[in-house]
Amino acid sequence: MGGPLTSLQPCTTTHVRIDHYSAVHLAAEAARELAARCRLPGALASQAAVVASELGSNLAKHAVNGSLFIQPMPLGGGVEILATDRGPGMPELGRCLTDGYTTTGSLGAGLGAVVRMASHFAIRTEAPGGTLACARIAPPDRADAAKAAVGAVSVPAERETANGDGCAVLDAGGCRTALVVDGLGHGEPAAEAAQSALRAFARAPDRALPDILHSVHRALRHTRGAAVGLLRHHPDRVEYAAVGNIRCVALTPHEVHRRLTGQPGIVGLNLPTPQVRRVPREPGLSFLLHSDGIDPRWTQSTSPFLLRLPAPLLAAALADRHRLTRDDATVVVAGPHQGLT
């Protein structure tokens, strides 16, 4: 987290279920197209497609309930591909990461190629629970963003194309600030509210959290309104302010440390006087925001495996394993957290 302002990179996630081998091709094309939209130079678009193809192929061959989440990196400047499954896990993970290793006799270079091509790569596995992987593809001048301990996933409700949720993470003024917004309802009207909130946030992300909420409130007056949550990391503390059903959770590698909920109200319709809660930054303590599309009961049955995941893998795990599919769902893990290794 430094002084310069990072550009707004709203998290727009493409979710591809790898329930048939033909889905691997769809995932590769989605990664290629996203890389082109992100204006990645040279061969990086093709590398993004290969990474998506290799991760998807592994899911199709070996995994149960596999999915890929394809999106811009949370801090911008590259592409992130998250792979999740529900088993059986990878008992020989070290061998699987060797370039050219395969258990099926295929011609693909497998996970070793993903490790080689990705700007940064993280993977965690447990048997029989499953595997989570994150590959980020970025140019050299975005190496710091590729290593950032930030995770985000935002997906619409099933059978919806428009996402009424939204999120963004920005660095400004020596702090990192994350926003999660949940437009009321579903579909285009909710998405319009969410996008208006993101634009208002981008105009002044370094202002005090109550001021940001007031700015977003004014921007949403002609929409159906939204729930909005803000999380800011200072060197010595973390601040949280929210209106509506945006939850904040603080974790250690061993337990759920604290749960915080937003104030009653609707941003854009009836904004209460914003309250800011402050929590000291402690070693090993990490924070996340999520909308009500993530089942809040996940905090009641956490496993050591889940609690110790790096930020992007934790976001992927919650979106894959604790999502309420009837609702738009968003989760942001904005550090401090374990590094992406």
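This is a predicted model: local features need pLDDT of at least 70, side-chain atom pairs count only at pLDDT 80 or more; totals for chains, interfaces and linings use all residues.
A salt bridge is a side-chain nitrogen of Lys or Arg within 4 Å of a carboxyl oxygen of Asp or Glu.

**Figure 1. A salt bridge joins R136 and E80.** The closest N and O atoms of this pair are 2.7 Å apart. R136 belongs to strand 5 (residues 130–137) and E80 to strand 3 (residues 79–84), so the contact ties together parts that are 56 residues apart in sequence. Are the two partners buried or exposed? R136 has a relative accessibility of 0% and therefore counts as buried. E80 is likewise buried, its relative accessible area being 0%.

**Figure 2. E29 and R32 form a salt bridge within helix 1.** The closest N and O atoms of E29 and R32 lie 3.7 Å apart. Both residues are part of helix 1 (residues 22–37), where a spacing of three residues corresponds to about one turn of the helix. E29 counts as partly exposed, with 28% relative accessibility. R32 is also partly exposed, at 34%.

**Figure 3. The side chains of D295 and R297 meet in a salt bridge.** The distance from N to O is 2.7 Å. Because buried means under 20% relative accessible area and exposed means over 50%, D295, at 14%, counts as buried, whereas R297, at 54%, counts as exposed.

**Figure 4. A network of salt bridges links D236, R237, E239 and R278.** Four residues are named in this view: D236, R237, E239 and R278. The structure as a whole holds nine salt bridges.

**Figure 5. Strand 6 (residues 151–155) is largely enclosed by the rest of the structure.** Five of its five residues are buried, which is why the strand is described as enclosed. In a regular strand the side chains alternate between the two faces of the sheet. Here, G151, V153 and V155 point one way, while A152 and S154 point the other way. Which strand pairs with strand 6? Strand 15 (residues 329–333) pairs with strand 6 in the antiparallel sense, over five bridges. Within this pairing, G151 stands opposite V333 of strand 15.

Technical notes:
Residues are numbered from 1 along each chain as its sequence is written. Side-chain values use heavy atoms; hydrogens and water are left out. Buried means under 20% relative accessible area, exposed over 50%, partly exposed in between (1.4 Å probe, protein chains only). Helices (H or I, at least four residues) and strands (E, at least two) are DSSP runs, numbered from the N terminus. Two strands pair if DSSP finds at least two bridges between them.
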